[in-house]
Amino acid sequence: MSAADLPGWAACLVVALALAGAAFSLIGSIGLLRLRGFYERAHAPALGATAGMALIVAASILYFSVAEGRLVLRDLVIGLFLTVTTPITLLLLGRAAAFRDRSERNADAPPDP
Amino acid sequence: MSSPEILAYGLGLAQLMLILAMVLAGWRVLRGPRAQDRVLGLDTVYLNGMLAIVTHGMRTDSGFYFEAALIVGMLGFAATVALAKFLIHGEVIR
């Protein structure tokens, strides 16, 4: 069974999930571009890393499950991996930024712990 | 519209949105203003590129793009962690 004989409801649902996920990622990137300080900007891409990723992974699972006629859950690996790594990158990057701002005594540096 | 057309146009539009998101994040990489902003933009480029590859795999009905997406995600994680450590210590491995 290929994409040609995917039923209509599945195609519509897959497209809706993928478009919603892409919209979340796009909003996150717009936020990355438009927000002012680094500590505000650091939160914006998390929109794509959580909601956008989850919706697109759900679309992929649904698509391949319906197309192959069995439950295909391998895309959950991507979801699991991103769920584990996103907080780590944000934590390390935030620490690096705080360290740099404090050592340069910038005005917008976070207060010392 | 038949379901292949819905899939082709809808997933193509989703892919275009993800590529636009990559371009916006790439603009942040180029503009800065500081090194941590560039690293954050690079991480977002990796993330959106990975999602675009997953969407491309759906659009072309091929299961092989899953591995590519996984590897891109792992490379993005490793690159961001290495760059963040570099920003703190001035070297990646002490």
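Let's start in chain A of this predicted model, where helix α1 (residues 8-34) packs against helix α3 (residues 46-68). Two packed helices are described by the angle between their axes and the distance between the axes. For α1(A) and α3(A), the angle is about 160° and the axes lie 8 Å apart. An angle over 145 degrees counts as roughly antiparallel, and α1(A) and α3(A) are therefore roughly antiparallel to each other. Their crossing is left-handed. If you sort the residues of this helix contact by class, you find 18 nonpolar and seven polar ones, with no charged residues.

Now turn to chain B. Its secondary structure consists of three helices and zero strands, so to follow the chain from the N terminus is to read the pattern α-α-α. What are the dimensions of chain B along its principal axes? The C-alpha trace spans about 55 × 25 × 10 Å. The radius of gyration points to the overall form as well: chain B has 16 Å, while a compact globule of 94 residues would have a value near 12 Å. Of the 94 residues in chain B, 45% are buried.

Asp61(B) sits in the loop between α2 and α3 of chain B. Most residues other than glycine have a negative phi. In Asp61(B), however, phi is positive, near 55°, although the residue is not glycine.

Finally, let's see where the two chains meet. The contact takes 50 residues from chain A and 43 residues from chain B. Which elements of chain B give two or more residues to the side that touches chain A? They are α1 (3-31), α2 (35-59) and α3 (65-89) of chain B. The largest share of that side comes from α1(B), with 16 residues. By class, the residues on the side of chain B that touches chain A divide into 27 nonpolar, 10 polar and six charged.

How values were computed
Residues numbered from 1 in each chain as written. Chains lettered and ligands numbered in written order. Predicted model: local features only at pLDDT ≥ 70, side-chain atom pairs only at ≥ 80, totals over all residues. Contact = placed C-beta atoms within 7 Å. Helix = DSSP H or I, 4+ residues; strand = E, 2+ residues; numbered from the N terminus. Nonpolar A, V, L, I, M, F, W, Y, C, P; charged D, E, K, R; others polar. Axes fitted to C-alpha atoms, helices over the stretch in contact; angles between N-to-C directions. Parallel < 35°, antiparallel > 145°, perpendicular 65-115°, else oblique. Left-handed = near helix turned anticlockwise from the far one by under 90°. Rg over C-alpha atoms; globule rule 2.2 N^0.38 Å. Buried ≥ 20, exposed ≤ 12 C-beta atoms within 10 Å, placed from the backbone.
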